[in-house]
Each structure stands twice: as C-alpha cells, then as structure tokens.
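Here are a few notes to read alongside the model. Have a look at it first, then go through the points.

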Amino acid sequence: MKNYKLKKLGAMAVVLMIFSIGFYQFMEASSFKSSAASVVQPVGYVSYVVKSGDSLWTIAEDYMPESKDDVREFVREIKQVNHLESDHIYGGQLIAVPCYSEEDALIRSASS
C-alpha cells in the first residue's frame, strides 16, 4: 500500500513537471510575452496649442504617422502622454503629440 502511494505521488510529480515545462515554453513563444523590442517608442514630441473647435480626434488624424492605422489608438496615446482622463480639451491648452520619425517631428514642428 505504501509503495502504491509513493508510485502515484511520483507519477503525479512527473506529470506536473512536464506540464510546467510545457507551459513555460508556451508562454515564452506566445504573444502574451511582452517584449520591449516590439514596442515602438516615439522619437520625440511636438507641442500643439489647441485651437477653438479642435478635438483629440481631429488632432490625432492630423498628426498620426503613416505607420499607425487606428485613430482611436493614437487618441489614447495622446491622452496618456498628456495625462488626460477625458476627451475634453480647450482652446489655448498646450498638449504634446508623439512623433515616430525625426523627419515627421521636424515637419510637424515647422508647421505648428
């Protein structure tokens, strides 16, 4: 009886170890893993003075780089950079808009 319990416990330990190794390999290879190399960071920011009638959406549309394809995502990014909790902005407010290429930053700086 004692040998049976030891064998059963040993088999369970082996199964648990195999499962753990498999799970670890899955997590290493999966998209759940966050990688700093895959996150694209802005090269700089352009200061923008909000004009009456502007919205975060229109600013995002005007300043969104070609490498991005979702205006909502860029609006969220602008809000995060500026620590905005709502979509409300007002004329005269100064906000920072992320730029993802040096060329884009220079063009945006010259035009704002």
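1. What volume does the largest pocket have? About 190 Å³. A pocket here is an open set of points on a 1 Å grid over the protein atoms alone, where a 1.4 Å probe fits, with protein on both sides within 12 Å along at least five of seven lines. The volume is the space filled by probe spheres set on the points.

2. Before going on: this is a predicted model, where local features need pLDDT of at least 70 and side-chain atom pairs count only at pLDDT 80 or more, while totals for chains, interfaces and linings use all residues. Residues are numbered from 1 along each chain, and side-chain values use heavy atoms, without hydrogens and water.

3. Back to the pocket. Its lining (residues with an atom within 4 Å of a point) includes Val-40, Pro-42, Tyr-45, Lys-68 and Tyr-100. Helix H3 (residues 71–81) gives the largest share, four residues. Helices are DSSP runs of H or I, at least four residues, and strands are E runs of at least two.

4. Next, the helices. The axes of H2 (residues 56–63) and H3, which are lines fitted to C-alpha atoms over the stretch in contact, come within 9 Å and cross at roughly 105 degrees. H2 and H3 are therefore roughly perpendicular, a label for 65 to 115 degrees.

5. Last, the rings. Tyr-48 and Tyr-63 pair edge-to-face, 5.5 Å centre to centre with 70 degrees between the planes; pairing needs centres within 6.5 Å, and edge-to-face means over 60 degrees. Tyr-48 sits in strand E1 (residues 44–49) and Tyr-63 in helix H2, 15 residues apart.

How values were computed:
Axes fitted to C-alpha atoms, helices over the stretch in contact; angles between N-to-C directions. Parallel < 35°, antiparallel > 145°, perpendicular 65-115°, else oblique. Phe/Tyr/Trp six-rings, centres within 6.5 Å; stacked < 30°, edge-to-face > 60°.
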